[in-house]
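Dear colleague,

Please find the structure below for your records. My notes on it follow directly after.

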Protein chains: 2
Amino acid sequence: MKLNAHEIEHRLADFNELLRAKGLKVTQQRLVIFRALQESHGHLTAEQVHGAVAKDNPTLSLSTVYATLETLVEIGALAEITMDDGKKLFDRTTSAHHHFVDIDTGAVSDLEDSDAIKLDLKSLARKGYVIEKARVTVYGRAKK
Amino acid sequence: MKLNAHEIEHRLADFNELLRAKGLKVTQQRLVIFRALQESHGHLTAEQVHGAVAKDNPTLSLSTVYATLETLVEIGALAEITMDDGKKLFDRTTSAHHHFVDIDTGAVSDLEDSDAIKLDLKSLARKGYVIEKARVTVYGRAKK
DNA sequence: AGCCGAATTCGGAAGAATTCCGAAATCGGT
DNA sequence: ACCGATTTCGGAATTCTTCCGAATTCGGCT
Ligand SMILES: [Mn+2]
Ligand SMILES: [Mn+2]
Ligand SMILES: [Zn+2]
Ligand SMILES: [Zn+2]
């Protein structure tokens, strides 16, 4: 779930490079927000990101968090998913993957690749369409 | 996609029964709203439902549409899905099924059962969890 | 067919998440 | 260090949805 310190620093370094490659400025806000996601369990709302960075960055505004997260999704540094309640979560994992949702708590976690999910994208294509991606969401509840 | 007139009347009859079985009143608003979904392509926003019924029911309010759709989902007469933009669609099909989304237009259609999607729910279960459901969304764009 | 109480609907206000805006601050190339 | 473009800030605006109290409708009963 959580990344180790070394992996986080590695990702920060890559993120720096990515910003430069895209011609974007390396701002404190971008670094802090990206780091908050790497240090989290992986899926946070904008509000949660804002809360996570607030202690060390009390002036970092919520509107900057929103704008920054949007930028980071655009450049492929983060991904974005929408939950059933309509709220958006930002996802530190950008490669294609699927999700597990705890129905009671809303907690989201990543499903690792396995042969439990088999999607034949070729035959799923509607006539005249090209498939871009396919996403699976599995919902469950903790046994009590 | 669209249902024939006979099927729609059959569903309306079942819907009447369901309301009574649940001890709910059979109101004009409920009938009209449920019918609008049966006569549609299958997936509508509350706003679209309101628009669809407006001509014949100019006083049927949007807040009633919202309240009614919520009730109909609760009793299992309709289903509800949330799109990536956070907007909710009401779905005339209540049995488990998957969706295809046209990325450019947002148009949603149902994927029919096929062996192109294989989910092994047993092995997807997180430790200590019981799977309740799994949903697949396939995204594509029309070839130009 | 009319009455009555509970459920439902109405219209508008309120709420919540997100986006937009103009002004101030910051970044990075020179 | 300077300067211009980009980014950030704080608050207002927007959009979708829910909430609220008052009015209406439904359906069981007579
Ligand atoms: Mn690397
Ligand atoms: Mn039937
Ligand atoms: Zn994820
Ligand atoms: Zn559907």
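From the N terminus on, the elements of chain A follow the order α-α-β-α-α-β-β-β-β-β-α-β, that is, five helices and seven strands. Helices (H or I, at least four residues) and strands (E, at least two) are DSSP runs, numbered from the N terminus. This is a predicted model, in which local features need pLDDT of at least 70 and side-chain atom pairs count only at pLDDT 80 or more, while totals for chains, interfaces and linings use all residues. Residues are numbered from 1 along each chain as its sequence is written, chains are lettered from A and ligands numbered from 1 in the order in which they are written, and side-chain values use heavy atoms, with hydrogens and water left out.

The C-alpha trace of chain A spans about 50 × 45 × 30 Å along its principal axes. Of its 144 residues, 38% count as buried (under 20% relative accessible area; exposed is over 50% and partly exposed in between, with a 1.4 Å probe and protein chains only). Where contacts (heavy atoms within 4.5 Å) in chain A join residues at least 6 apart in sequence, 50% link residues at least 24 apart.

As to charge, chain A carries 20 positive and 21 negative side chains, and the centres of the two sets are 3 Å apart. Lys and Arg count as positive and Asp and Glu as negative, without His and the chain ends; each charge is placed at NZ of Lys, CZ of Arg, CG of Asp or CD of Glu.

In chain B, Thr27(B) lies in the loop between α1 (5-21) and α2 (28-39). Thr27(B) is partly exposed, as its relative accessible area is 24%.

With kind regards
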